[in-house]
Amino acid sequence: MLDRGALPRKTGRVDDDRMTRTLFAKLWDPHVVADLGEGWSLLHIDRVLLHDLSGARALAEVAAAGHALARPDLVFATPDHAISTAPGRTGETFPGGAAPLAGLRQRARETGIRLFDLGQPGQGIVHVMAPELAIVLPGTTLVCGDSHTCTNGGVGALAFGIGASELSHVLATQTLMQRRPRAMRIRFEGTLPPGVTAKDMILHAIGRFGTAGGTGFAVEYAGAAVRALPLEARLTLCNLSIELGAKMGLIAPDETTYAYLAGRRFAPRGAAWDAALADWRRLPSDPDAAFDADHWIEAGDIAPQVTWGTSPEQVLPITGRIPAPASAADRAALDYMGLEAGRPIEGTKVDWVFIGSCTNSRLSDLRDAAAMLRGRRVAPHVTAWVVPGSETVKREAEAEGLDRAFLAAGFAWREPGCSLCVAANGETVPPGARSVSTSNRNFVGRQGTGARTHLASPAMAAAAALAGAITDPRRA
Amino acid sequence: MQPFTTVTGLAAPLMWANVDTDMIIPVQRLVGSTRDGLGPYGFERFRGRPDFPLDQPPFAGAPILLAGENFGCGSSREGAVWTLMGMGLRCVIAPSFGDIFHANCFQNGLLPVRLPLGMIRRIAEAMEASPGNARVTLDLGRQEVVTPWGEALPFAIDARKKQALLEGLDDIALTRQREAEILAWQARDSAARPWAWDSVAG
């Protein structure tokens, strides 16, 4: 069924051999509408996600250029970036986001695209929404004007972030000119130790390969420790692909994927589901498929990770000591973070904790964090927020009492959105404050001017909130 | 898109590795912004620092930026490119670029050129040794960077990207000429994979 005569000519690349193809090649090749030469293709895009910043802008620019949307039925929008997450919020609570949201609403009405608006099931962070509603499916291509679109590759899709002009191109033509990336595989073999999560796996990989280690590649995560991950954890793993430099991260679909997707709002049903399954089962990389780069990580060696600097590659195990600076950039990072080389990272005093973002705001993340509470309270000097990733996550968490557990412990329980991950919504960590965050970027100023961010898993973030300091979640 | 043919001028050295797009323009400046008008906010939090060259003579307004590895990593925000162009830049020379930033450059007529780090450092030293006098030339047609000491260094660029930059071509207009191919692909695919289409049919 997948072979429909649109495959490009062989180019001599290792992953172009039809008999031994990678997952990446099986996603890319069938979507080639035209071979543009020099490794460039015109790719068909099966799904488009829009949010209130890049999405509203792109719809306005496409309209201003006089183009109609090529396929509004394949476009899905939700506000997440520039909206308040305060309890009782409206679209105007953060004044700066009111105009982009109004624009998104108006264009959605005019074009007929689906909009999941505030308070509606489906609303949430775009990369939480798309898998949750089965907008993204194995074997599909998906783009969004957001670098963390790679998250969606966790279901076995080719999903990647693009800029504003490319997004306009997709909206106007349902295609995109792309140069074929090289294929990388990172195998996590063996078994993860207890208390170690997908967030720790990917931070460990970024620490090892660096923030440019995946540049120019589509990265497939494979191996026994990846196959053992629940679907939501696979989304976390793929989410930080861009922090590895890779636009695309992907994981082969399997029974875990199918069980997750079955019955969700836009999942195929009945005979269509059976046909989809038959197609999806052919997607995994063939056993002897060759990769342009192939890495191996022993999952059993991974400890809970936490970043110490201002780049995700500046990361260490919770048992580690802050490293001596190896460069001017390291010294600047230590200075900004207010840390001293040689000291253990554990025990560093914390002022803020943020549990949320497209990395770690799904129901399983909130359960992981709540499991740390056990009747204890947030340290008095810590401000701690839980921001569920979507309206549905929020409702499901409330149905099992997680909101009450967090509130009783002294956490704030907020409305879904990007919140303190992007700080484009009036929500910021104060200057000089130290934040343990489940998000994906610890850049200077990312959570607010002068804010000091340590990236970690939900369990470590919750443990830090309770202890008031960076803490090993395995002992908390 | 603004065409690019040749540019001659000052090359401002900003030899930091991993300059991310948040550093170029913070997201707060992009909320409700237009494509024009971002230039004054470029690298906002670095302004006034002695190691930041782009806000003071001689390098303020320079058309060429010399950068370190992995320039433009992080967020996909195309506002980073609009900001650099708003500051007067037409070309960034770096050993490597973030993938999405690199693609965004070509959509706007900002030329990203890859050269080895050692060579970029030599150009930076030449600029700093003779501030205000040394010049660098970018010749897209010849695919050459001419250094302050007159050496022509070749650089690689995809032929179709080069052509689009030289002529200021609009990708959407090019692709719309392929509408029949796209519709044919969609017809084939919806027959072969109806599940991918019917599940979201309105």
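Two strands count as paired if DSSP finds at least two bridges between them. Keep that idea in mind as we walk through this structure, which is a predicted model.

Strand β9 (residues 182-189) of chain A and strand β10 (residues 217-222) of chain A are joined by 6 bridges and pair in the parallel sense. If you look for A:Arg182, you will find A:Phe217 of β10(A) standing opposite. In general, the strands of a sheet pair through backbone hydrogen bonds, and the pairing can be parallel or antiparallel.

Now widen the view to the sheet around this pair. It is an open sheet of 4 strands in chain A, in the order β11-β10-β9-β12, and the pairing is parallel. Which strands stand at the edges? They are β11 (248-250) and β12 (293-298) of chain A; each has a single partner strand, so one side of each is left without a neighbour in the sheet. On average, neighbouring strands here are turned by 20 degrees against each other, with direction ignored.

Next, step back to the domains. Chain A is divided into domain 1 (47-179) and domain 2 (306-467). Their centres, taken over C-alpha atoms, are separated by 26 Å. The contact between them takes 25 residues from domain 1 of chain A and 25 residues from domain 2 of chain A.

Let's turn to helices. Two packed helices are described by the angle between their axes and the distance between the axes. On the α2(A) side, A:Gly55, A:Ala56, A:Leu59, A:Ala60 and A:Ala63 meet A:Pro100, A:Leu104 and A:Arg107 in α3(A). Sorted by class, this contact has 6 nonpolar, 1 polar and 1 charged residues.

Helix α2(A) also meets helix α5 (residues 164-173) of chain A: their axes come within 9 Å and cross at roughly 60 degrees. That makes α2(A) oblique to α5(A). Is this crossing left-handed or right-handed? The crossing of α2(A) and α5(A) is right-handed. Residues of α2(A) in the contact include A:Ser54, A:Arg57 and A:Glu61, while those of α5(A) include A:Leu167 and A:Leu171. By class, the contact of α2(A) with α5(A) has 6 nonpolar, 3 polar and 2 charged residues.

Our last stop takes in another sheet and another pair of helices. In chain A, 5 strands form an open sheet in the order β17-β16-β15-β18-β19, with parallel pairing. β17 (412-413) and β19 (452-455) of chain A stand at the edges with a single partner strand each, so one side of each is left without a neighbour in the sheet. Strand β18 (residues 434-437) of chain A pairs with β19(A) in the parallel sense over 4 bridges, and A:Arg434 has A:Arg452 as its bridge partner in β19(A).

Finally, helix α12 (residues 363-370) of chain A packs with helix α15 (residues 458-467) of chain A at an angle of about 35 degrees, their axes 8 Å apart. This crossing is right-handed. Here A:Asp365, A:Asp368 and A:Ala369 in α12(A) meet A:Pro458, A:Ala459 and A:Ala462 in α15(A). The residues of this contact divide into 4 nonpolar, no polar and 2 charged.

Conventions:
Residues are numbered from 1 along each chain as its sequence is written. Chains are lettered from A and ligands numbered from 1 in the order in which they are written. This is a predicted model: local features need pLDDT of at least 70, side-chain atom pairs count only at pLDDT 80 or more; totals for chains, interfaces and linings use all residues. Side-chain values use heavy atoms; hydrogens and water are left out. Contact means heavy atoms within 4.5 Å. Helices (H or I, at least four residues) and strands (E, at least two) are DSSP runs, numbered from the N terminus. Ala, Val, Leu, Ile, Met, Phe, Trp, Tyr, Cys and Pro count as nonpolar, Asp, Glu, Lys and Arg as charged, and the others, Gly among them, as polar. Axes are lines fitted to C-alpha atoms, for helices over the stretch in contact, and angles run from 0 to 180 degrees between N-to-C directions. Domain bounds come from an automatic or database domain assignment. A crossing is left-handed if the near helix is turned anticlockwise from the far one by less than a right angle, and right-handed if clockwise. Angles under 35 degrees count as roughly parallel, over 145 as roughly antiparallel, 65 to 115 as roughly perpendicular and the rest as oblique.
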